Every structure is written in C-alpha cells, then in structure tokens.
Amino acid sequence: MSFKALKIFSEKPNDLKIVDLEISELTDGDVVIKSEFSSVNYKDALAVTGQGKILRQFPLIPGIDVSGEIVESSSAKFKVGDKVIVNGSGLGENRDGGFSEYVRVPADIVISLPSGLSTREAMTIGTAGFTAALCLKRMETNGQQPHQGPIIVTGASGGVGSIAVQILSKKGYEVVAVSSKDSSVEKLKKYGAKEVVKPENLNLGHRPLEKARWAGAIDNVGGELLSGIARHIDLWGNISCVGLADSPVLNTTVMPLILRGVSFLGASSANCPHSLRDEIWQDLGADWKPSYLNDIINSELSLDDITNYSEELLSRKKSGRALVKFQ
Ligand SMILES: NC(=O)c1ccc[n+]([C@@H]2O[C@H](COP(=O)([O-])OP(=O)(O)OC[C@H]3O[C@@H](n4cnc5c(N)ncnc54)[C@H](OP(=O)(O)O)[C@@H]3O)[C@@H](O)[C@H]2O)c1
C-alpha cells in the first residue's frame with residue numbers, strides 16, 4: 001500500500017516534495033498510525049522553509065504533531081483501532097513526522113487520546129497548546145496560584161499564547177495578554193484576557209527592579225520584552241520561557257531572583273518526560289480543555305498547502321493554529 005508524505009531531502013532551501021511511500025520506508029517503530037490530523041507549529045514552519053535547523057537527519061518527513069488511529073501494533077500497550085496522539089519526542093526532528101498519511105513510531109512515545117478530546121481537537125491544541133499547558137503545569141508545581149495576581153502572556157495572538165490565555169482564564173487566573181495586533185484584541189478578550197496591551201505600551205522601565213505588576217509570565221517572544229517583564233514580576237512569581245519569536249537573548253540581573261524569589265522556568269515540549277506529557281494531555285481533555293478551540297483554527301490544510309502556509313506564519317501574515325487534515 002502506498003501513501004503520501006511531505007519529505008525534506010537536505011538542508012538546502014526548497015529541497016522538499018510530496019512523495020509516495022511504503023510503510024517499510026518510514027523510520028522504525030512498533031506501532032503504525034493512520035493519520036487523521038496534524039498541525040503546523042512555528043517549529044514546523046522553520047523546518048519546512050529551511051529557516052531553522054530543526055531536522056537532525058535527512059531525508060526526513062517533518063511535522064512534530066499527529067493524531068490518528070493505530071492500524072498496526074506489535075506492542076502490548078496499543079491495539080488496532082486505538083485513537084492516539086504523538087507530539088514532540090523526536091517526531092519530525094529525528095524520526096519521520098506527522099506530515100504523512102501514515103506514521104510509524106515506538107509505542108513508548110504514543111499517548112492515548114483522552115476521552116474528552118477528538119483527534120481533531122487534539123491537533124487544534126497540538127504542540128502549541130500542549131506547551132502552553134506545560135508552562136502552567138511547571139508554574140503551579142512551583143507554587144503559582146490565581147490569588148497571587150495576574151499572569152502576563154506575550155505573543156498572545158500566536159498558537160501557544162492564545163491557548164495559554166484560554167487555559168489560564170479557565171483555571172481562574174487574571175490574564176494580561178500582550179499582542180502587537182489590533183485585530184487580536186477582541187478575540188483575546190473573548191478567550192478570557194482581562195486586558196490586552198501592545199508591547200510598546202507596557203512601559204517596562206530600565207531599572208533592575210521596577211514596580212511589581214504581574215504575579216507570573218508565559219513568554220513566547222524573548223529578547224527585550226522578556227527582559228523588561230522580568231523586572232516587574234511580584235514576590236515568588238514564575239516566568240515560563242517558551243519561545244524566541246523575537247529573540248533568543250535574555251538580558252537580566254539576579255535582582256528579581258534574589259530579592260523577589262522570582263523563578264525562570266523552562267518549557268521544552270520536545271523532550272518532556274512521557275509521564276508528564278501523558279498527565280498534561282489528560283488534563284487538556286478534562287478541566288484544562290480550552291473553551292474556544294474552534295475559534296483558533298485559521299486554516300485547514302492538505303499536505304500540498306503546508307509550504308505556503310509555513311512562509312505566511314513566519315512572515316506574521318497568519319496567527320493562531322493551522323490543522324492539517326488527512327482523508
Ligand atoms: N519551548 C517549546 O517547547 C516550544 C513549543 C512550541 C513553540 N515554541 C516557541 O514559542 C514561540 C511561539 O510559538 P507559536 O506556535 O505560538 O508561534 P506563532 O503562532 O507564530 O506566534 C508567535 C507570536 O509571537 C509574537 N511575536 C512577537 N514578536 C515577534 C517576532 N519578531 N516575530 C514573530 N512573532 C512575534 C506574535 O504575537 P503578537 O502579534 O500577538 O505580539 C506572534 O503571533 C516560538 O518561538 C516557538 O518556536 C516553543
């Protein structure tokens with residue numbers, strides 16, 4: 001049986017095409033999944049356009065997310081017909097990924113689809129939403145609670161940010177969303193943001209510590225914005241660092257850490273331990289499920305559309321989440 005997949009052949013730009021493959025040509029694994037949905041994350045866009053070194057080997061099928069149904073299994077953990085999710089864990093980085101009608105992976109990276117999610121909803125959330133939840137999970141594990149005060153979310157119109165706003169607000173946090181897009185204000189308020197502010201209107205100051213204004217942060221942007229926000233985090237607050245949409249640079253001092261007990265927390269979805277990944281997906285299928293999932297889908301793509309969409313995402317013509325739908 002042959003099927004279609006998007007394959008990247010080398011680091012050279014545009015050295016990719018849709019190919020016909022057999023299951024035996026996929027990287028190894030003990031379960032085969034018939035893909036129902038995937039999604040295009042920022043990282044996928046970097047891989048597909050060649051603008052970031054995401055793939056660790058060539059040729060490879062990109063796509064760090066997939067949901068679908070098991071059609072072959074030699075693992076005791078899963079049987080044919082089980083609905084599952086795979087995200088991160090090397091998918092689309094060092095093993096063939098989700099931009100493929102079939103995916104073969106080791107059972108130990110597969111997550112059972114929570115009963116509260118469809119395969120479509122799981123990929124609407126995808127790695128972006130999973131990472132938003134991972135951030136909050138790390139913050140709460142480190143003591144963050146709603147009564148401490150508002151959480152500021154940067155890059156709020158993006159995939160991670162828009163889901164972070166929804167989850168935080170559902171969990172009872174007051175949310176300040178930071179977005180450079182006027183067009184996102186109404187939507188972010190609907191998702192639960194109490195306030196939507198443009199980065200340039202935050203007045204972040206320059207002193208090592210400024211007036212404490214937020215109890216914590218989820219930051220997708222990095223650079224000056226993150227450096228500035230760190231100066232305003234209140235006692236024992238947590239800053240979850242997710243992304244570098246603007247810059248990987250972080251200029252700070254130890255003052256927020258040693259005088260306010262502030263913690264910087266990392267969120268690395270690709271290599272999140274399996275047990276924590278499973279716990280987060282189960283939460284996302286229950287009381288952490290974002291309330292406006294359908295709203296954040298900006299495009300429904302086929303394999304043919306992924307390259308163009310990736311360019312649009314990186315040039316900021318698109319924000320939100322794009323689903324890849326398989327027949
Ligand atoms: N650590 C992890 O495991 C992990 C997982 C997923 C994603 N990420 C990273 O998290 C970041 C956000 O991912 P995403 O999927 O939400 O991306 P996205 O949908 O493209 O959103 C990024 C948002 O960041 C804001 N932004 C600010 N300055 C920007 C700039 N110079 N260029 C582009 N965007 C800028 C924009 O929001 P506004 O217009 O609203 O300001 C944009 O919508 C990315 O850096 C991504 O690589 C990390």
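This is a predicted model: local features need pLDDT of at least 70, side-chain atom pairs count only at pLDDT 80 or more; totals for chains, interfaces and linings use all residues.
**Salt bridges, a buried helix and a surface patch**

Asp-283 is buried, and Lys-137 is buried as well. Good morning, colleagues.

What joins Asp-283 and Lys-137? Their side chains meet in a salt bridge, at 2.5 Å from N to O. This pair links distant parts of the chain, since Asp-283 belongs to helix 7 (residues 274-284) and Lys-137 to helix 2 (residues 119-141), 146 residues apart. Elsewhere, salt bridges with shared partners bring Glu-36, Glu-69 and Lys-83 together in one network.

In general, side chains of opposite charge can pair when their charged atoms come close. How many salt bridges does the structure hold? The number is 18.

Let me turn to another of these pairs. The side chains of Arg-321 and Asp-65 form a salt bridge at 4.0 Å, N to O. Arg-321 and Asp-65 are both buried.

A further pair is Arg-104 and Asp-28, whose side chains meet in a salt bridge of 3.8 Å, N to O. Arg-104 is in strand 6 (residues 102-105), while Asp-28 is in the loop between strand 2 (16-21) and strand 3 (31-40); they are 76 residues apart. Are these two partners buried or exposed? Arg-104 has a relative accessible area of 15%, below the 20% limit, and is therefore buried. Asp-28 has a relative accessible area of 61%, over the 50% limit, and is therefore exposed.

I now come to helix 3, residues 159-170. Its twelve residues reach 17 Å from the first C-alpha to the last, close to the expected 16 Å. Why is helix 3 described as largely enclosed by the rest of the structure? The reason is that ten of its twelve residues are buried. Among them are Gly-159, Val-160, Ile-163, Gln-166 and Leu-168. After helix 3 comes Gly-172, with a positive phi near 95°.

Finally, the surface. Val-254, Leu-257, Ile-258 and Leu-259 make up a nonpolar patch there, and together they have about 380 Å² of accessible area. Of these, Val-254 is placed in the loop between strand 12 (233-241) and helix 6 (255-260).

Thank you for your attention.

Conventions. Residues are numbered from 1 along each chain as its sequence is written. Side-chain values use heavy atoms; hydrogens and water are left out. Helices (H or I, at least four residues) and strands (E, at least two) are DSSP runs, numbered from the N terminus. The expected span of a helix is 1.5 Å times one less than its number of residues. Buried means under 20% relative accessible area, exposed over 50%, partly exposed in between (1.4 Å probe, protein chains only). Patches are made of residues with over 30% relative accessible area and no salt bridge: like charges are joined within 9 Å, nonpolar side chains (Val, Leu, Ile, Met, Phe, Trp, Tyr) within 5 Å. Accessible areas come from the Shrake-Rupley method with a 1.4 Å probe; for residues, only the protein chains shown count as cover.
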